[in-house]
Amino acid sequence: MQPAAGDAGTALGAALHVAGKLGDPSTPMVGADLGRGWSDDELEAELRRAALPYSRPASIAAEAARVLADNGIVAWHQGRSEYGPRALGHRSLPAHPGDPDTTRRMNDVKGREQFRPIAPMVRAERFADLFDGVYPSPYMLFVHRVRAEWRDRIPAVTHVDGTARVQTVHPETEPLVAELLAEFERRTGLPVVVNTSLNTAGRPMVDTPREAMELFGSAPVDLLALGPFAVHRRALGGAR
């Protein structure tokens with residue numbers, strides 16, 4: 001099931017209809033990253049234009065995992081923009097799932113109501129250790145029951161009824177996000193990271209590098225991971 005199965009899916013449905021008439025319509029949709037993307041050179045030019053102090057760590061996934069393990073919040077802008085209403089690891093705000101206060105902090109960052117839930121992403125091979133229900137779930141469309149032994153370990157993403165809306169991350173299609181999750185688990189013992197959309201209340205999901213920098217500049221976020229580049233809040237003299 002593709003992730004924009006509403007009015008927004010009409011264009012995709014029309015394209016699939018035509019594809020079926022022209023040839024084999026059975027090719028599966030392997031990802032929702034159907035939007036615009038920017039090269040590393042273009043991203044670096046935007047950072048220089050904005051005069052932001054940045055670095056290029058050996059692994060942006062490991063750098064982000066380190067910030068997350070320290071209970072920081074990351075603005076994650078990677079690859080092409082995604083189709084549909086869900087952030088699936090290309091335009092995301094990851095955070096630590098083990099802190100019960102994370103939900104409040106994330107809703108403060110996004111400027112939205114405190115009843116809004118946040119969701120987990122997990123490496124596909126670890127899904128069955130933590131959750132029951134429909135698998136795979138790469139587009140975060142299904143609600144799953146969190147296994148009892150994990151509910152207190154990932155309270156930020158567990159609903160009051162013991163469920164969570166899970167995204168499974170598959171290394172063959174999302175290698176960078178899978179690396180982020182593996183690094184976070186190595187540091188914390190938790191194979192789950194909070195994943196909510198990279199935007200603030202009343203605004204669409206971030207698309208361009210400039211929009212990502214604007215959000216980073218206006219919200220209490222600790223790290224901007226813009227492609228392979230890292231901009232740390234502390235480098236700007238800010239405090240969380």
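A residue is buried when its relative accessible area is under 20%. Asp222 has a relative accessible area of 13%, so it counts as buried. This is a predicted model. Asp222 sits in the loop between H8 and strand E9 (223–226).

Asn71 is 151 residues away from Asp222 along the chain, yet their C-alpha atoms are 9.4 Å apart. Asn71 belongs to the loop between H3 and strand E1 (74–77). Its relative accessible area is 21%, so Asn71 is partly exposed. The backbone of Asn71 has a positive phi, near 70 degrees, in a residue other than glycine.

## The loop between E4 and E5

Two backbone features fall in one loop. Pro136 lies between strand E4 (131–132) and strand E5 (143–146). The peptide bond leading from Tyr135 into Pro136 is cis, and its omega is near 0 degrees.

Met140 is found in the loop between E4 and E5. Phi of Met140 is positive, near 55 degrees, and the residue is not glycine. Is Met140 buried or exposed? With a relative accessible area of 2%, Met140 is buried.

## Nonpolar cores

The largest nonpolar core holds 55 residues. Which of its members touch the most others? They are Trp76, Phe131 and Val221. Helix H3 (residues 60–69) supplies the largest share of this core, 6 residues.

## Helix H3 against helix H7

Two packed helices are described by the angle between their axes and the distance between the axes. For H3 and helix H7 (residues 175–188), the axes come within 8 Å and cross at roughly 40 degrees. H3 and H7 are therefore oblique to each other. The crossing of H3 and H7 is right-handed.

From H3, the contact takes in Ile60, Ala61, Ala62, Ala64, Ala65, Arg66, Leu68 and Ala69. From H7 come Leu176, Glu179, Leu180, Glu183, Phe184, Arg187 and Thr188. By class, the contact of H3 with H7 has 10 nonpolar residues, 1 polar and 4 charged.

## Helix H2 against helix H8

The second pair is helix H2 (residues 40–49) and helix H8 (residues 209–218), with axes that come within 10 Å and cross at roughly 45 degrees. H2 is therefore oblique to H8. H2 and H8 also cross in a right-handed sense.

Which residues make the contact between H2 and H8? H2 contributes Leu43, Glu46, Leu47 and Arg49. H8 contributes Pro209, Arg210 and Met213. In the contact of H2 with H8, 4 residues are nonpolar, 3 are charged and none is polar.

## Thr196 in strand E8

Thr196 is part of strand E8 (residues 192–197). Its relative accessibility is 8%, so Thr196 counts as buried.

What does Thr196 touch, leaving out residues up to four places away in sequence? The list is Ala87, Arg91, Ser92, Leu93, Met106, Lys110, Arg112 and Ile118.

Key: Residues numbered from 1 in each chain as written. Predicted model: local features only at pLDDT ≥ 70, side-chain atom pairs only at ≥ 80, totals over all residues. Heavy atoms only, no water. Helix = DSSP H or I, 4+ residues; strand = E, 2+ residues; numbered from the N terminus. Buried < 20%, exposed > 50% of the residue type's maximum accessible area, 1.4 Å probe, protein only. Contact = heavy atoms within 4.5 Å. Core = buried A, V, L, I, M, F, W, Y, C linked by side-chain atoms within 4.5 Å. Axes fitted to C-alpha atoms, helices over the stretch in contact; angles between N-to-C directions. Parallel < 35°, antiparallel > 145°, perpendicular 65-115°, else oblique. Left-handed = near helix turned anticlockwise from the far one by under 90°. Nonpolar A, V, L, I, M, F, W, Y, C, P; charged D, E, K, R; others polar.
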